[in-house]
Amino acid sequence: MLGSIWNFVKRHKKKFIFSGVVVGGTWMMYKYLLKRLKEIREEEDKEYINVVRRQHHFDSNQRTCNMTVLSMIPNIREILINKLNTEEYTTQLKQSPANKLELWATLKVCSFSRTISSVYGCCLMSVILRVQLNVMGGYIFLDNSQDSQNGYIARKHRTTKAVQERYLSLIKHFVGPGLEDLIEVVKTATGKELDSLSLRDQLSLENMQSLIQHIRDRVEERNDLPSTHPLSSYLMANEQKPDIEMINKEEEIYDKLIQETRDVIDSPDFQSVITVCLDKGFSKLMDYIAEHYKNISNKQTDIHDCVIPLAKMVPVVNGLVFKIVADAPNVFIQELLLMEEVKKFAGNIYEAFSQRENS
């Protein structure tokens, strides 16, 4: 019987060898596929974890942005009050001085200038802070990444605490000399528009809207560099002098951060977001002014038929600055921070700076 089996095997030896190779190859292929599937699952899990981690860090970064914007409002308010102290002129007018008309003319210009400057200040600050914190947020995400594939990249873009503090302190330029320069430009533009108006002139809501728009047109007049927004020059100083002692490598990273931030500011997306943000801010200002017209009309006449002497609108406009730069809760700032265009812009910046592979 054993002989018969052996003869059978010899007769079909090639078939057995072929079958063995097929079975063995299939088993090896199966093992290989299992290994590859495991590697793919691990890569997918790693990528998913990385995406979740990036999203969590981004969300946390946006909350930091919002809190930082709100924390800077008192600085904006202080500059506005110091540069355009309308309360001083109001106090003098109560004493019936000889130069009453002159004081009224000054109060008229300063009141409109201060409130309009507050809109510019809040809008520009909220956007430039969003840019800075998302550029830095992307760098920090790379620094903290434990992915072995990105380990070298994280080390290459390492930002020390000194670099972070120095970079984030750039906002001091705008909330300082930058805003002060912008206030002077707004004041000049406002004076040119108000010079032809008497305190007795009756202004409708449409007149007020047209007046503010004309002031905006003067302030936002295009410069010699059509590729940049006319207000961009107030956001960062032309030359940044070191105020923290750093080693050469840190200086190199800091300079790179500065240049990348300037590139963002010069981008069409930034110009678009600034414009949309300013439109939103001035629309909200007009809503506040419309509320006063509504109260004056007392529902007896159409709000658009209501007219108010400029002299009576001066204190109204003057007081609106304390709504725009109020401490939290601040409706004006909240609406700016919740704008979809601003959030999308922030997301694009963070995405770009948290996923770079070669730079």
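The following exercises, with worked solutions, concern a predicted model.

**Exercise 1.** Determine how helices H4 and H8 pack, and which residues meet.

*Solution.* Two packed helices are described by the angle between their axes and the distance between the axes. For H4 (residues 100–144) and H8 (residues 205–219), the angle is about 65° and the axes are 12 Å apart. The crossing of H4 past H8 is right-handed. Next, list the contacts: H4 contributes Phe112, Ile116 and Tyr120, while H8 contributes Met208, Leu211, Ile215, Arg216 and Val219. Sorted by class, this contact comprises 7 nonpolar residues, no polar residues and 1 charged residue.

**Exercise 2.** Classify the aromatic pair of phenylalanine 270 and phenylalanine 345, and decide whether each residue is buried or exposed.

*Solution.* The structure holds 5 aromatic pairs. Buried means under 20% relative accessible area. Phenylalanine 270, at 1%, is therefore buried, and phenylalanine 345, at 6%, is buried also.

**Exercise 3.** Describe the backbone at serine 96 and at proline 329.

*Solution.* Serine 96 lies in the loop between helix H3 (86–93) and H4. Its phi is near 50°, a positive value in a residue other than glycine. Because its relative accessibility is 59%, serine 96 counts as exposed. Proline 329 lies in the loop between helix H11 (310–324) and helix H12 (331–337). A cis peptide bond, with omega of about 0°, joins alanine 328 to proline 329.

Note on methods: Residues are numbered from 1 along each chain as its sequence is written. This is a predicted model: local features need pLDDT of at least 70, side-chain atom pairs count only at pLDDT 80 or more; totals for chains, interfaces and linings use all residues. Side-chain values use heavy atoms; hydrogens and water are left out. Axes are lines fitted to C-alpha atoms, for helices over the stretch in contact, and angles run from 0 to 180 degrees between N-to-C directions. Helices (H or I, at least four residues) and strands (E, at least two) are DSSP runs, numbered from the N terminus. A crossing is left-handed if the near helix is turned anticlockwise from the far one by less than a right angle, and right-handed if clockwise. Contact means heavy atoms within 4.5 Å. Ala, Val, Leu, Ile, Met, Phe, Trp, Tyr, Cys and Pro count as nonpolar, Asp, Glu, Lys and Arg as charged, and the others, Gly among them, as polar. Buried means under 20% relative accessible area, exposed over 50%, partly exposed in between (1.4 Å probe, protein chains only). Rings of Phe, Tyr and Trp (its six-membered ring) pair if their centres lie within 6.5 Å; planes under 30 degrees apart count as stacked, over 60 as edge-to-face and the rest as tilted.
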